[in-house]
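Colleague: I am new to this structure. Please walk me through how to read its features.

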Amino acid sequence: MRIDTKCIQSGYDPKNGEPRVLPIVQSTTYSYDTSEEMGKLFDLEAEGFFYTRLANPTLDAVEKKIADLEGGVGAMLTSSGQAASLISVTNIVKAGQHVVCSSAIYGGTFNLFNKTLRDLGIDFTFLKSNATKEEITAAFKENTRACFVESVTNPSLDVSDIQLYAEIAHSFGVPLIVDNTFPTPINFRPFEWGADIVTHSTSKYLDGHAVSLGGIIVDSGNFDWNNGKYPMLTEPDETYHGVVYTDHFGKAAYIAKARVHLMRDFGAQAAPMNAFLLNLGIETLALRMERHCSNAQKVAEFLEASEKIEWVNYPGLKSNKYYDLAKRMMPNGTCGVISFGVKGGKETAEKLMGELKLARIVTHVADARTCVLHPASTTHRQLTEQQLIDCGVAPNMIRLSVGIENSDDIIEDIKQALESC
Ligand SMILES: *Cc1c(COP(=O)(O)O)cnc(C)c1O
């Protein structure tokens with residue numbers, strides 16, 4: 001099946017007389033005839049559902065669909081994108097070990113890594129987004145156990161060279177984890193470029209309607225864990241009667257451990273209702289991404305031509321430093337998010353935001369409705385002008401998430417707002 005067909009058909013295969021549409025299994029527990037049968041599930045000797053914290057039929061179908069879209073061997077939904085980032089790293093990295101990470105990542109991920117995981121004893125080296133091959137290579141240490149980047153970064157819209165990161169990580173016997181939230185598997189599939197693990201905040205384009213928080217981790221099944229660096233996967237886990245994940249689950253060792261070990265212990269499980277809504281969103285993902293990208297391209301070109309605009313950052317513009325890389329890796333487009341700066345600084349940016357009618361001011365990005373955010377007066381308002389510049393947030397920067405409305409209406413809204421500035 002082609003990817004747009006998979007969006008509709010993958011994951012759920014009803015038997016004779018069963019509901020055609022994926023049902024919401026709103027039950028924490030599952031009934032068995034004997035304790036012995038349930039015991040086998042606990043020992044991972046048999047497959048089946050026994051408690052929704054570990055697995056649930058509605059979640060299971062959506063996990064299979066997203067694994068299929070990314071081309072992986074298995075996937076695990078989480079309660080949020082944050083939980084997916086947390087588990088993706090802690091599944092294979094312990095206190096006293098180290099992670100190489102791009103500094104151009106979502107702010108929430110940066111705080112999780114730089115503060116919370118550091119406090120728990122995991123060390124990080126953050127690379128600048130345009131780091132060279134030499135700089136990336138130099139960041140790896142003896143105790144490095146993972147490399148983490150975003151394919152298209154939120155909010156700076158840098159495009160990461162996944163092939164380059166994968167080659168370097170693999171030369172150190174370390175897997176590459178890619179947060180693929182912005183392009184989605186419709187526009188980019190990191191496994192085809194050498195990545196080993198993919199994460200998403202499904203709260204964004206995958207859900208697509210800003211109705212449910214969620215995250216997912218997908219395992220490519222390609223990384224060879226038997227290099228002596230990952231005893232948590234290749235040596236017995238005493239909490240499961242000595243199961244060795246790589247022996248028992250083969251290619252799916254990483255994602256199986258994420259579930260039976262960390263989901264069991266952390267409990268950041270997705271809700272069945274949210275998985276149902278996510279599935280509904282994914283049915284139209286291919287159509288929506290096409291429209292998000294074509295609309296964003298038109299809006300970016302309009303902004304670039306306007307004399308009231310100082311700069312526009314969108315990888316689909318020829319003037320963009322990532323234009324060639326984006327065209328090579330993502331020939332059908334990147335995403336619907338644009339950032340731009342208005343002439344006149346912070347005040348004019350705030351004025352423009354207030355004049356917009358169709359584009360609402362919200363903290364979210366990447367859903368069907370066009371929305372805007374002024375980082376300097378909201379998410380980054382505690383920073384000084386100098387600090388704003390240092391972290392790549394210009395005082396006049398507006399982040400615009402272009403929705404799937406008619407592009408003429410979006411452009412007319414921006415035009416009328418610019419005229420009153
Ligand atoms: C929003 C976002 C996250 C965090 O996801 P939540 O679902 O909000 O927890 C992680 N990575 C990226 C790229 C995001 O945009």
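Modeller: Start at the ligand. An N or O atom in the Asn154 side chain is 2.8 Å from an oxygen atom of the ligand. That is a polar contact (a pair of N or O atoms within 3.5 Å; within protein, one must be able to donate a hydrogen and the other to accept it, and residues adjacent in sequence count only if both atoms are side-chain atoms). Ser203 brings a polar side-chain atom to 2.6 Å from a ligand oxygen. Lys204 also places a polar side-chain atom 2.6 Å from an oxygen of the ligand. Taken alone, the ligand exposes 380 Å², and the protein buries 93% of that. Such areas come from the Shrake-Rupley method with a 1.4 Å probe; for residues, only the protein chains shown count as cover.

Colleague: What are the ground rules for these values?

Modeller: This is a predicted model, where local features need pLDDT of at least 70 and side-chain atom pairs count only at pLDDT 80 or more, while totals for chains, interfaces and linings use all residues. Residues are numbered from 1 along each chain as its sequence is written, and side-chain values use heavy atoms, with hydrogens and water left out.

Colleague: Which classes of residue make up the shell around the ligand?

Modeller: The shell has two nonpolar, nine polar and three charged residues. Ala, Val, Leu, Ile, Met, Phe, Trp, Tyr, Cys and Pro count as nonpolar, Asp, Glu, Lys and Arg as charged, and the others, Gly among them, as polar.

Colleague: How do I read empty space?

Modeller: Rolling a probe the size of a water molecule over the atoms shows where empty space is left. On a 1 Å grid over the protein atoms alone, a cavity is a set of points where a 1.4 Å probe fits but cannot get out; a pocket is an open set with protein on both sides within 12 Å along at least five of seven lines; lining residues have an atom within 4 Å of a point. Grid points are joined across faces, edges and corners, and a volume is the space filled by probe spheres set on the points.

The second largest pocket has a volume of about 780 Å³. Its lining has 26 residues; Glu47, Ala55, Asp60, Phe249 and Arg259 lie nearest its centre. By class, 17 are nonpolar, three polar and six charged.

Colleague: Which residues line the largest cavity?

Modeller: Phe340, Leu352, Leu356, Val372, Leu400 and Ile414 do. The largest cavity has a volume of about 40 Å³. Its lining has six nonpolar residues, no polar and no charged ones.
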